[in-house]
Amino acid sequence: MPTKEDLAIAKQMPDAGGHFGQFGGRYVSETLMAALQQLEQTYEKLWRDPQFQAEFDRDLAHYVGRPSPLYHAERLSRELGGAQIYLKREDLNHTGAHKVNNTIGQALLAKFTGKPRVSAETGAGQHGVASATVAARLGLECTVYMGEEDIRRQALNVYRMKLLGAEVVSVKSGTRTLKDAMNEAMRDWVTNVDNTFYIIGTAAGPHPYPKLVRDFQSIIGREARQQCLTQTGKLPDVLIACVGGGSNAIGLFHPFIEDADVRMVGVEAGGYGIETGQHAAPLSAGSRPGVLHGNRTSLMSDEGGQVIGTHSVSAGLDYPGVGPEHAYLKEIGRAEYTAINDDEALHAFRHLTLTEGIMPALESSHAVAEAMKMAPTMDKDQIIVVNLSGRGDKDIHTVAEIDGINF
Amino acid sequence: MSRITESFNNLKSQGRKALIPYVTAGDPEPKVTVPLMHALVESGADIIELGVPFSDPMADGPVIQLACERALLHGTRLIDVLDMVAEFRQTNQTTPVVLMGYLNPIEVMGYAAFADKAKAVGLDGVLTVDLPPEEAHEFNRLMKASDIDVIYLLAPTTEPARVEKICAAGSGYVYYVSVKGVTGSASLDVAEVAEKLNIIRQHTDMPVGVGFGIRDDASARAISEVADGVIVGSVLVNKVAELAGNQALIPEAVAAITASMRQAMDK
């Protein structure tokens, strides 16, 4: 177990070079170095600037609709017969997921730096939609890179982005999913670095992205901590959030890092099962450290260092790496990581819909499934906070397909 | 003195510039690579940059992405590429070979194991696209101990103070990326490159190679007038791709391109 001093250090991470212990850093081609240094300087200045903070807070309140509720899922909790489950309702945000917290922040950075164009990568399409949304609002040109396979399974979000005025580029290289979309977005940025702000959607990538995405998403944990204290008089016993790159999870976890008694559980995509190799769960599978997309982290790569193709029913978790801060929190023993398989996530999707009338995104369904496993093993006066990171409307097509229904 | 430094010194004394072709190892099949390297040398190449295939070549355009995919289809790993260098060295002990690629394959092999093996096979230099000097202290130490030159990139966006820092960390030569973009993308502006090279030379005595955007005899010649080395990649890899169905023709056809560039540069 980490000591109090360890946790105080952990809370202050990353270091000046963007390292979270041995993870993180800035592993990029020289072509991007100047842009990243400029972004870092801009961010460090603006994040402390009261005017920027006021504008960010105002947008979160009146555009996103924050604070998002912390909802006691009484029926679900009663049925499971153990701990009380509370849902942090990020699904109720404008655009339907936590992603917008970050795109609001990064779009403000783009605005303050005067870039007329933004680009983004997307898996499930939620980050793409959130980027297209803020671009529409600020009158910025927007290009979203999305894997061909994800375009197929998230057709609704693709059309949403187009309605919002964004150009959606189909990425046909590699595995045609999120990782390849990110490669292509980085190539775009290298080429258009003078006029483009690259909005990374997850707490990964080269420094300062993992840090700034975490800072923008930490509103989730700050609110949840206060709401839990107000509603129950105490802190939660367990936090549960799904982890692809891990932006919703780090947003929930970070404000609790020094609350040593609060367990943090990140839930990765187990796909067909860790033992099959067909998953997207580097931390749960114990993947060795590797370097991809500008940071060192736990990475699914083979003996020759080639990145391995992943599988998950949820496009948003279908990624071979993970945000470096999660790799670090695992290494120091502050957070735990586990995996939920496709079947379990689909079951949780249906179950939460039927018991609470809340349809979770397939990504968030992984976190719900873990809570459903854990709650019965806990006492009735214990509290689990689940980050319900997004709503499931976008996944109806995928679930219907599994049910053999074609619209 | 490293083989790379010796090569540049010799060229300088002859008043010539280095021609540095890049090909992806194992593309389209492993057996093509070593004969292709020899053919490049015969056509007038001074240093060979051998690409290590990677699943996610983020700094590369479609031409080299596809080359990586072809090479990976036949399972060309970093260890295989090092073996190709060893095979090349059996009959050529003079032409420097530089590996160019991404960090993860080296990361997974382990820096120390890579350094040992690289020395053993007679490798001369390594250019790791996504390993900037800030993250490379341990890597540099081990490469230096194995007498392997570490070659770094400079970009149009690199500030002068950073040029100095990067050149201090590297050895052999520095690689100036002449355009903002991925490999094989835009065509370059020679006047702009010349201006930037003047700034770079205020900060280093190392030879400067220029790459990205050199696609024909005219651009090779123009760059050879301002740089110490001309690095050419995508146009060669494109030819390899064209002849993937007729592999016996690859060495000669690719070498014809570099031979023509060599002539243009030496005029």
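A salt bridge is here a side-chain nitrogen of Lys or Arg within 4 Å of a carboxyl oxygen of Asp or Glu. By this rule the count comes to 46 salt bridges over all chains, and one of them brings together the side chains of Asp27(B) and Arg70(B), with 2.6 Å from N to O. This pair links distant parts of the chain, since Asp27(B) lies in the loop between β1 (18-24) and α2 (30-42) of chain B, whereas Arg70(B) belongs to helix α3 (residues 62-73) of chain B, 43 residues apart. Helices (H or I, at least four residues) and strands (E, at least two) are DSSP runs, numbered from the N terminus. Asp27(B) counts as buried because its relative accessible area is 3%, where buried means under 20% relative accessible area, exposed over 50%, and partly exposed in between (1.4 Å probe, protein chains only).

The structure is a predicted model, in which local features need pLDDT of at least 70 and side-chain atom pairs count only at pLDDT 80 or more, while totals for chains, interfaces and linings use all residues. Residues are numbered from 1 along each chain as its sequence is written, chains are lettered from A and ligands numbered from 1 in the order in which they are written, and side-chain values use heavy atoms, with hydrogens and water left out.

Strand β5 (residues 117-122) of chain A is mostly covered, six of its six residues being buried. In a regular strand the side chains alternate between the two faces of the sheet. In β5(A) both faces are covered, with Arg117(A), Ser119(A) and Glu121(A) buried on one side and Val118(A), Ala120(A) and Thr122(A) buried on the other. Two strands are taken to pair if DSSP finds at least two bridges between them; β5(A) pairs in the parallel sense with strand β6 (residues 141-147) of chain A over six bridges, and Glu121(A) has Tyr145(A) as its bridge partner in β6(A). Between these two strands the chain passes through helix α6 (residues 126-138) of chain A, and this β-α-β crossover is right-handed, a term used if, with the strands pointing away from the viewer, the path from the first strand over the helix to the second runs clockwise. Strand β5(A) is also joined by four bridges to strand β8 (residues 196-199) of chain A, and these strands run parallel, with Arg117(A) standing opposite Thr196(A) in β8(A).

Arg117(A) also takes part in a salt bridge with Glu141(A), at 3.8 Å from N to O. The two residues lie in distant parts of the chain, Arg117(A) in strand β5 and Glu141(A) in strand β6 of chain A, 24 residues apart. Arg117(A) is buried because its relative accessible area is 8%, whereas Glu141(A) counts as partly exposed because its relative accessibility is 48%.

Strand β6 (residues 152-154) of chain B is joined by three bridges to β7(B), and the two run parallel, with Leu154(B) opposite Tyr176(B) in β7(B). From β6(B) the chain crosses through helix α8 (residues 160-169) of chain B to β7(B), in a right-handed β-α-β crossover. In strand β7 (residues 174-177) of chain B, Val174(B) and Tyr176(B) point one way and Tyr175(B) and Val177(B) the other way, and all are buried. Four parallel bridges join β7(B) to strand β8 (residues 208-211) of chain B, where Gly209(B) is the bridge partner of Tyr175(B). The chain reaches β8(B) from β7(B) through helix α9 (residues 190-201) of chain B, and this β-α-β crossover is right-handed.

Further side-chain contacts complete the description. Glu30(A), Glu134(B), Arg162(B) and Lys165(B) are linked in a network of salt bridges. In chain A, Asp393(A) forms a salt bridge with Arg391(A), the closest N and O atoms being 3.7 Å apart; Asp393(A) is partly exposed because its relative accessible area is 39%, and Arg391(A) counts as partly exposed because its relative accessibility is 31%. Thr310(A), placed in the loop between β12 (294-298) and α13 (324-331) of chain A, counts as buried because its relative accessibility is 18%.
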